[in-house]
Amino acid sequence: MAGFSTTARGMAVLRPHPRVSVLLHRRSASAAVTLLVLLATVMLASACLGQTYVSPAEVWHTLRTGGGPYDLVVGELRVPRIVLGALVGAALGLAGALVQTVTRNPLASPDVIGVGHGAAAATVLALATGTVGSPGAVPAVTVAGGLGAAALVYVLAWRRGMQPSRFVLTGVGIGVALSAIVQLYLTDSELEAAEQVKLWLTGSLNGRGWEQAGPLAVVLLLCLPALVWAGRAVRPLGLDPDTAAGLGVRVDRARLGLTVLGVVLAATATGAAGPIGFVALTAPQLARRITRTPQLPLLCSALTGAFVLVAADLAARTLLPPLEIPVGALTSLVGGPYLLWLLGRRTARR
């Protein structure tokens, strides 16, 4: 018979079966439920609001029947975009939590290890060589570029083990070099091609939908077993390496696995919506402050990332109608002050 038994320090043991038990952090569980409700609320608001207001009842009718006067606005334009935003935000939140766990640095994100820069460089190279005609047609190229850049950083940073500080510094160096490739392309390319790349580089959900959301959803589903393992692996890795090794954790192997998983999620999200800044950086830290856990909570990081991105996209669509601000520009605008605040907190502690 299913039941709960309480433990110390806000923990509970859930026993859905006599032979199965799950350790549950009560505050994290409450936070996850709250974030899920907030995410559903902002998704509904995003489906209703815009240049054409649609009531919640009409939204539900359109989704249930697949027809009606608002099928184009709700069913074909808004809902696919909202679902994609939630998936991209969740993937970025998870990727940020995994990378920050590996590097033990709250200022780290997938962009720091070259994922975004590699995706951008691969995209402009594909455009320059005529392989593709527009940035939106190259999700596979962007994913390959992000994975390749992160692999290069990992190889160059490896010295009889992976030191987080060397990993971050190597990623910064590779990112600068890849950014130079993008800037050279923008300088030498024709105006129309340069404008397309600039728009893609800001990150945007405009004009995107099920075609991009489907592959990302498949990747997230395929990564679920790895994420279950990661949820257990991040706990000992929150300790210092010697303590984690003393508990029987193969530190380098666990770091490699978490890094690969984070890079795959970040690269796939970038391929779906372009580089969207600061979501991977801020979502894990916000989730940690909400749950007050010693390690970064993966589920709440995913829900926080999804909520932040859907809310940012709603604001980007409705702040200056009929102009739509690229959501990546808005998240960067809000994330910049947050980064400065986080840097100030770390400096004060020292």
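**Helix α11 and its two neighbours**

Hi everyone, let me start with a crossing: helix α5 passes helix α11 in a right-handed crossing, where right-handed means that the near helix is turned clockwise from the far one by less than a right angle, and left-handed that it is turned anticlockwise. The contact, meaning heavy atoms within 4.5 Å, involves P139, T142, V143, G146, L147, A150 and Y154 of α5, and D252, R255, L256, T259, V263, V264, A267, T268, T270 and G271 of α11. Sorted by class, that contact has nine nonpolar, six polar and two charged residues; here Ala, Val, Leu, Ile, Met, Phe, Trp, Tyr, Cys and Pro count as nonpolar, Asp, Glu, Lys and Arg as charged, and the others, Gly among them, as polar.

A word on the source: this is a predicted model, in which local features need pLDDT of at least 70 and side-chain atom pairs count only at pLDDT 80 or more, while totals for chains, interfaces and linings use all residues. Residues are numbered from 1 along each chain as its sequence is written, and side-chain values use heavy atoms, with hydrogens and water left out.

Mean pLDDT, the predictor's confidence in each residue from 0 to 100, is 82 for the protein, and 84% of its residues reach 70 or more. Confidence is lowest in strand β1 (residues 3–6), with a mean of 49, and highest in helix α13 (residues 298–318), at 94.

The protein has 14 helices and three strands, which are DSSP runs numbered from the N terminus (helices H or I, at least four residues; strands E, at least two).

Back to the packing. Helix α5 (residues 139–157) meets α11 (residues 251–273) at an angle of about 150°, with the axes 8 Å apart. That makes α5 roughly antiparallel to α11, a term for angles over 145 degrees.

Now the other neighbour. Helix α3 (residues 71–103) also packs on α11 at about 150°, axes 8 Å apart, but α3 passes α11 in a left-handed crossing. Among the contact residues are L84, V88 and A91 of α3 and R255, L258 and T259 of α11. By class, this contact has 15 nonpolar, three polar and one charged residues.

Finally, what does T304 touch? T304 lies in helix α13, and its contacts are L35, A283, L286 and A287, leaving out residues up to four places away in sequence. T304 counts as buried because its relative accessibility is 4%, the cut-off being under 20% relative accessible area with a 1.4 Å probe, protein chains only.

Definitions and conventions: Axes are lines fitted to C-alpha atoms, for helices over the stretch in contact, and angles run from 0 to 180 degrees between N-to-C directions. Angles under 35 degrees count as roughly parallel, over 145 as roughly antiparallel, 65 to 115 as roughly perpendicular and the rest as oblique. Buried means under 20% relative accessible area, exposed over 50%, partly exposed in between (1.4 Å probe, protein chains only).
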